[in-house]
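Thanks for coming. I have one structure to go through today, so please bring it up on your screens.

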Amino acid sequence: MIELPSSLMAIHSIFDYTSLRTEFEKSGISDHFIPLIWKHVVQNPSCDLDSIPSLPSAAYPLLRSKFRSMTSAVSSAVDSKDRVTTKLLIRLQNGTSVEAVIMRYDTRLGKYDGKPRPGGIRSTLCVSSQVGCKMGCRFCATGTMGFKNNLSSGEIVEQLVHANRFSKIRNVVFMGMGEPMNNYSSLVEAVQIMTGPPFQLSPKRITVSTVGIIHAINKFNDDLPNVNLAVSLHAPDQEVRCQIMPAARAFPLTKLMDALLSYQASSNQTVFVEYIMLDGVNDQEQHAHQLGKLLENLKSVGYTCCSVLYKLDILFILCLFVLFWQVVNLIPFNPIGTSSNYKTSKDQSVKKFQKILRGNYNIRTTIRQEMGQDISGACGQLVVNLSEQRSAGGASLLTDIEDLHIR
């Protein structure tokens with residue numbers, strides 16, 4: 001059975017801004033009422049749209065016939081053993097499902113500059129932009145699903161609405177299922193909604209990760225200024241990159257680096273590089289030297305932060321973006337079940353890699369604790385599996401990287 005893309009369905013999410021604005025314009029209703037509608041729905045996600053106060057009378061039949069307050073629903077919420085991570089399985093109105101992951105960290109743990117840091121629990125949401133993915137990265141579970149359909153902007157934003165009922169979300173990373181840049185219009189509209197009323201998230205607390213869709217990178221800063229850009233490099237040369245990321249053939253490394261240089265020059269923003277370390281594939285000393293030399297060009301124009309994914313974790317990436325400018329964060333690869341063709345890099349290889357990047361190329365490097373492995377909620381592990389329902393007790397909040405004093 002072929003599922004229709006959400007954008008072709010008759011009933012829209014109330015957070016599908018373009019559809020809502022278009023219908024309001026047709027009926028002569030001011031779009032100034034849209035933030036008021038969203039505020040009411042965020043506070044009452046299951047509300048009947050007829051219950052929204054202070055709208056023109058013509059708005060109610062229009063909303064009733066063409067929109068829903070929420071077109072998706074949380075099918076399950078699974079906690080990690082330490083309850084730091086919660087994975088949400090969200091069912092869409094076309095019958096498909098996506099996953100979103102909530103990650104919690106505590107600013108009061110650890111110190112900054114040798115002093116206790118005030119604050120409390122902060123939460124990051126990793127959202128999905130597609131059902132499945134076309135990229136087919138060989139180390140990523142989502143790639144095994146193939147591509148089903150794009151999410152509408154409203155379906156992306158609804159993940160934030162759902163997550164806020166579990167934990168107040170402070171940061172959003174587009175690192176869930178799908179390649180965000182392959183759903184560009186919905187990505188841009190969703191981020192614009194998240195940064196406006198009633199959500200009011202700071203653009204600097206939103207990060208979009210891409211395998212390197214060059215034409216989208218070229219317009220990213222114009223459409224989403226001050227939003228963080230992360231690039232999944234995963235190898236320092238084109239041959240290895242194509243081996244583990246088949247889609248990289250369409251985005252040659254030399255052209256990708258040129259696009260990143262142009263982006264950095266026009267935006268004056270850090271370019272964040274993601275690098276998953278795979279045993280015997282891209283974790284050798286020569287790879288570290290190749291990576292260091294590759295990033296020298298970026299460093300010459302501005303700041304560079306490279307997050308080396310050695311034990312794939314999503315949370316560290318966001319925390320990394322907040323403070324440090326030259327950081328390599330080593331996090332072990334999380335095997336995706338028994339079918340994985342790759343192994344986690346050996347500790348000795350990781351330490352050598354770290355030493356080279358630090359000593360030879362002056363790139364600050366840390367090793368980060370992973371999150372959500374036990375519920376398959378770590379980066380690269382997201383794949384819809386309705387039969388997998390795991391939960392456990394216990395509680396332990398992590399120290400965030402921005403609270404560490406790195407010597």
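Predicted model: local features only at pLDDT ≥ 70, side-chain atom pairs only at ≥ 80, totals over all residues.

Start with helix α8, residues 253-267. It has 15 residues and spans 21 Å from first C-alpha to last, close to the 21 Å expected at 1.5 Å a residue. Which residues of α8 are buried? They are L253, L256, M257, A259, L260, Y263, Q264 and S267. In general, an α-helix has 3.6 residues a turn, so residues three or four places apart point the same way. On the other side of α8 we find T254, K255, A265 and S266, which are exposed. After the helix comes N268, with a positive phi near 60°.

The largest nonpolar core contains 100 residues, and I14, L63, F139, F174 and M181 have the most contacts inside it. Helix α5, residues 184-194, supplies the largest share of this core, seven residues. Leaving aside residues up to four places away in sequence, L63 touches I14, L20, F24, I37, L49 and L55. There is also a second, separate core of seven residues, including M103, C126, M175 and A230.

Last, the overall numbers. The protein has 11 helices and 18 strands. Of its 407 residues, 57% count as buried. For contacts between residues at least 6 apart in sequence, 67% join residues at least 24 apart.

Terms used
Residues numbered from 1 in each chain as written. Heavy atoms only, no water. Helix = DSSP H or I, 4+ residues; strand = E, 2+ residues; numbered from the N terminus. Expected span 1.5 Å × (residues − 1). Buried < 20%, exposed > 50% of the residue type's maximum accessible area, 1.4 Å probe, protein only. Core = buried A, V, L, I, M, F, W, Y, C linked by side-chain atoms within 4.5 Å. Contact = heavy atoms within 4.5 Å.
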